[in-house]
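Me: Please take a close look at the side-chain contacts in this model, including those to the ligand. Keep it brisk, and give me each cut-off as it comes up.

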Amino acid sequence: MGSLSLKPYNTFGIDVNAYEIIEVKSVEELLFIPHLSKCLFIGGGSNILLTKDVTQKVIINKIEGIETINEDEDYIELEVASGENWHELVLYCIENGYGGIENMSLIPGSVGAAPMQNIGAYGTEIKDVLTYVKAVHLDSLTEKRFQNEECKFGYRESIFKKSLKGKYFITEIGLKLTKRNHKLNTSYGDIENWLSEKDIDKPTIKDVSDAVIAIRRSKLPDPKELGNSGSFFKNPIIHRAHLNMLKMEYPDIKSYPVTDTLVKVPAGWLIETLGWKGRRVGRTGSHRKQALVLVNYGGARGADVHRLAKDIQEDVWAEFQIELEMEVNII
Ligand code: EPU
C-alpha cells in the first residue's frame, strides 16, 4: 500500500504519512468501518501535532448539515453535524441573526472538535450555548446523547478529553442561540478598543464578530500562510500566594481571578518574559506577535515543535515554578 501525506489535514502543516485515509460523509458510513476504536480521527486538524507517521487508519470527518430543531421568537435551537467547519457555522449564525457564538469567530477547526476542548475566546466558551453532544461509542457503536452538564466542561476541558478519551466520536451538537435581545460580551479590552475606534456604541452581533476577526487576524498567524495550532499551551492556573511571591521579582506579571485562592496567568506573558517571543529555532519558533503560538516556518517536523515546546516548558518551570500544560494533542 502506498503512503499518503497528512500535510493537508493538519493546520500545523506537518508532513507525515498515513497508509489509509477515509473521508466519511455520514454516521452510517462511519459505522461500516471496522475497528473504529483503533482509528485516528481528524476534524479540522487544528489542535494536533503529528510527530510520527500514523499506522492507524485515519478518518476525516466530513459529516455535514445544520438543522433547526426548535424555535420561538426569542431563541433558536440548532442541530449541527460534527464535520461542519466551525467558523462557517459562526458566519451562518451571524447572517441569520443568531447570537451567542460571535466571540468565537475565526477559531479554526471543526464543530465536533469544539466541545472536546470547550473552545473559547474573548470571554465566551462553547459550553455557554451548547445544549447537548451526540456521540458514537467506538466499541459498542451505540449513539449517546450527553446533556451539557454531563460533558463536564472546564477551561479547555471536557469529559471527552478526560475519562472518555478515545472512547467516543462526536457526531452532532446542539446549540441554543438568541434571535433577539442578544447578550453581547464586549468586555474584553481588545474588543472594547476596536468598537470605540470605530465609534460603535450599540454593537450588533456582526460588529462583535468583525471585531474578533480583526483582532485575531492582527495577532494570530493564518494557518494557510504559517502552520500553527493556535495557543500551544493553556494559560496556567496558580495559587494567589504563588503569584504574590512572583510579583516581588516581576511586578508587572498579569493575572485574572479564577476563585478566591486561584488565578490564571497568561502563558504568553511568561514565554515572552523569558525571551522566546519571535525567536526562531530551525524551522519552528514562537510567533512574533503572540508568544503562545508555536509556528512551522516550512518543513518543520512535529518532533522539532515538540522539542521547542518542552524547552519552553522547562524554562518556565525553572524561572517561575509554573507547569505549562500543552493544549495541543501530541500524536
Ligand atoms: N501576552 C503577552 N505576550 C504575548 C501574548 C500574550 O504578554 O506574546 C499577555 C498579554 O498580557 C495579554 C494577555 O497575555 O494581555 C492575554 O493575551 P491574549 O488576549 O492574546 O490571549 P491569550 O490568553 O494569550 C487566550 C486563548 C486564545 C483566545 C484568547 C482570547 C488560551 C490558551 N488561549 O489566549 O485561544 O483566542 O485568549 O480570548 O486560553 C486557542 O485556544 O487556541 C486560542 C487561540
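Reply: Lys 144 is partly exposed, with a relative accessible area of 32% (buried is under 20%, exposed over 50%, partly exposed in between; 1.4 Å probe, protein chains only). This is a predicted model, in which local features need pLDDT of at least 70 and side-chain atom pairs pLDDT 80 or more, while totals for chains, interfaces and linings use all residues. Residues are numbered from 1 along each chain as its sequence is written, and side-chain values use heavy atoms, without hydrogens or water.

Lys 144 has a charged partner. Its side chain meets that of Glu 150 in a salt bridge, 3.6 Å from N to O (a Lys or Arg side-chain nitrogen within 4 Å of an Asp or Glu carboxyl oxygen). Glu 150 is partly exposed too, also at 32%. Side chains of opposite charge can pair when their charged atoms come close. Across the whole structure, a search finds 17 salt bridges.

Another is the bridge between Lys 219 and Asp 190, whose closest N and O atoms are 3.0 Å apart. It links distant parts of the chain: Lys 219 sits in helix H5 (residues 205-219) and Asp 190 in helix H4 (residues 189-197), 29 residues apart. Helices (H or I, at least four residues) and strands (E, at least two) are DSSP runs numbered from the N terminus. Lys 219 is partly exposed at 32% relative accessibility. Asp 190 is partly exposed as well, at 26%.

Next comes Glu 325 with Lys 234. Their closest N and O atoms are 3.4 Å apart, and the two form a salt bridge. Glu 325 lies in the loop between helix H8 (302-320) and strand E21 (329-330), Lys 234 in the loop between strand E14 (227-231) and strand E15 (237-239), so the bridge ties together parts 91 residues apart in sequence. Glu 325 is partly exposed at 43% relative accessibility, whereas Lys 234 is buried at 6%.

Now the ligand. A shell of 23 residues surrounds it, and the closest are Tyr 122, Tyr 155, Tyr 188, Glu 272 and Ala 291 (near means a heavy atom within 4 Å). By class, this shell holds 10 nonpolar, 5 polar and 8 charged residues. Here Ala, Val, Leu, Ile, Met, Phe, Trp, Tyr, Cys and Pro count as nonpolar, Asp, Glu, Lys and Arg as charged, and the others, Gly among them, as polar. H5, E14 and helix H7 (267-273) each supply at least two shell residues. H7 gives the largest share, 3 residues.

A ligand nitrogen is 2.6 Å from an N or O atom in the side chain of Glu 272. Lys 277 places a polar side-chain atom 3.1 Å from a ligand oxygen. For Gln 290, a polar side-chain atom lies 2.9 Å from an oxygen of the ligand. The protein covers 84% of the 810 Å² of accessible area that the ligand has on its own.

Last, the rings. Phe, Tyr and Trp rings (for Trp, the six-membered one) pair if their centres lie within 6.5 Å; planes under 30 degrees apart are stacked, over 60 edge-to-face, the rest tilted. That rule gives 10 aromatic pairs. One is Phe 146 with Phe 160, edge-to-face, at 5.0 Å centre to centre and 80° between the planes. This pair links distant parts of the chain: Phe 146 is in strand E12 (residues 143-147) and Phe 160 in the loop between E12 and strand E13 (168-178), 14 residues apart. Phe 146 is buried at 3% relative accessibility. Phe 160 is buried, with a relative accessible area of 3%. Phe 146 also pairs with Tyr 168: the ring centres are 5.1 Å apart and the planes at 85°, so this pair is edge-to-face. It too links distant parts of the chain, Phe 146 in strand E12 and Tyr 168 in strand E13, 22 residues apart. Both Phe 146 and Tyr 168 are buried. Elsewhere, ring pairs link Phe 12, Phe 232 and Phe 233 into a cluster.

The loop between E12 and E13 also contains Gly 154. Gly 154 is partly exposed at 22% relative accessibility. From C-alpha to C-alpha, Gly 154 and Ile 119 are 9.9 Å apart in space, and they are 35 residues apart in sequence.

Definitions and conventions
Polar contact = N/O pair within 3.5 Å; in protein donor to acceptor, adjacent residues only side chain to side chain. Areas by Shrake-Rupley, 256 points an atom, 1.4 Å probe, with all protein chains shown as cover.
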